[in-house]
Amino acid sequence: MDERRSTRRLQAYEAALRQGLGAGWHGYAKYGKSFRLANFDENACFFPPCAAELLAPQTAHAAELGAEYESGRLLMRTSVHDIKLENEIYFSPLTFSNINLSPTARRGFELESTWRATPSIDLRAALALQQARFRSGVYGGVDVSGKTVPLVPEVLATAGVSWTYAPRSRVNVNARHVGRQRFDNDQANSFPREMPAYTLVDAKLEHTLARRWEFALEVRNLFDKGYFSYAAATGPNTFSALPAAGRAAYASVAWRLD
């Protein structure tokens, strides 16, 4: 029987300021502290010996500065953020258990926009550039201060179009690009390779009948791209990857109660 217990005093808050700048522009700034408690599965021990204590709560101090623009047909938002985390909860492939990471910092830039090109066509795009580093810590006898945190893509980009070709029918096409990232279990950044970038395209056809009935046909990974979104370094020059699904089609029928 697992009888580990812990008592913590945790705080969370957020302060924000938003100011109109004229001509459709707004600026904002916010700062806050948050926490996340490990759930039952994350604390569970399946392969003894178990950790002597429960996982510590993950805490974060986050600052964000951004601007928004809105007109009749165009909506844009851009922001920069800086997050400092303590005890980030992370699944370790070495021990097959969850652990608390050493202190990390995440910084990023985001840009997103939506444009109603015509009454029936909406275009959207988003870009995120992100950096995740260890602020301190030692793994495998190596000081990882300043090293990149595994499994954090440097670039995330999306683009999509929605076309309402009939009063109750719409088609959506979305593309998603995920940039390079360090392999799991490579906290020291010593593995000679990085997980390759990949780009996926999905398409979805939607139709509403008599207001309550909704039909949809979706094809994910439309071009049957071969890729993997998770892999772990297993040796100086070897890794284990989990291949992702190829092209897949889904059909759905829904009836709305409202």
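Visitor: Leaving aside neighbours within four places in sequence, which residues is Thr104 in contact with?

Guide: This is a predicted model, in which local features need pLDDT of at least 70, side-chain atom pairs count only at pLDDT 80 or more, and totals for chains, interfaces and linings use all residues. Residues are numbered from 1 along each chain as its sequence is written, and side-chain values use heavy atoms, with hydrogens and water left out. Contact means heavy atoms within 4.5 Å. When its neighbours within four places in sequence are set aside, Thr104 is in contact with Ile83, Lys84, Leu85, Glu88, Arg133, Phe134, Arg135 and Val149.

Visitor: Does Thr104 count as buried or exposed?

Guide: Thr104 has its place in strand 7, residues 104-118. Strands (E, at least two residues) and helices (H or I, at least four) are DSSP runs, numbered from the N terminus. A residue is buried under 20% relative accessible area, exposed over 50% and partly exposed in between, with a 1.4 Å probe and protein chains only. Because its relative accessibility is 0%, Thr104 counts as buried.

Visitor: With the side chain of which residue does the side chain of Thr104 make a polar contact?

Guide: A polar contact is a pair of N or O atoms within 3.5 Å; within protein, one must be able to donate a hydrogen and the other to accept it, and residues adjacent in sequence count only if both atoms are side-chain atoms. At 2.9 Å, the partner of the Thr104 side chain is the side chain of Glu88.

Visitor: How many helices and strands are there in the protein?

Guide: The C-alpha atoms fill a box of roughly 60 × 45 × 40 Å along the principal axes. Among contacts with a separation of 6 or more, 57% come from residues 24 or more positions apart. The elements of the protein are one helix and 17 strands.

Visitor: Which residues make up the largest nonpolar core?

Guide: A nonpolar core is a set of buried Ala, Val, Leu, Ile, Met, Phe, Trp, Tyr and Cys residues joined through side-chain atoms within 4.5 Å. Buried residues make up 27% of the 258 residues in the protein. The largest core has eight members: Tyr90, Leu101, Ala132, Phe134, Tyr139, Val144, Val149 and Val152.

Visitor: How many residues does the other core have?

Guide: This core lies apart from the largest one, and Phe183, Phe191, Met195 and Ala233 are among its members. Phe191 is found in the loop between strand 12 (169-178) and strand 13 (198-209), and Phe191 is buried because its relative accessible area is 5%. Not counting residues up to four places away in sequence, Phe191 touches residues including Phe183 and Ala233.

Visitor: In which strands do Glu110 and Arg77 lie?

Guide: A salt bridge of 2.9 Å, N to O, joins the side chains of Glu110 and Arg77. The pair ties together parts 33 residues apart in sequence, because Glu110 and Arg77 lie, respectively, in strand 7 and strand 4 (residues 74-86).

Visitor: Which residues do salt bridges that share partners join into one network?

Guide: Asp82 and Arg107 also meet in a salt bridge, at 2.8 Å from N to O. Asp82 lies in strand 4 and Arg107 in strand 7, so this pair ties together parts 25 residues apart in sequence. The network joined through shared partners consists of Lys30, Glu64, Arg77, Glu110 and Glu112.

Visitor: Which residues make the nonpolar surface patch of about 650 Å²?

Guide: Patches are made of residues with over 30% relative accessible area and no salt bridge; like charges are joined within 9 Å, and nonpolar side chains (Val, Leu, Ile, Met, Phe, Trp, Tyr) within 5 Å. Accessible areas come from the Shrake-Rupley method with a 1.4 Å probe, and for residues only the protein chains shown count as cover. The patch of about 650 Å² is made by Leu209, Trp213, Phe215, Val253, Trp255 and Leu257.

Visitor: Which elements give two or more residues to the nonpolar patch?

Guide: Leu257 lies in the segment after strand 17, and Leu257 counts as exposed because its relative accessibility is 69%. The elements that give two or more residues to the patch are strand 14 (213-220) and strand 17 (248-255).

Terms used
Salt bridge = Lys/Arg side-chain N within 4 Å of Asp/Glu carboxyl O.
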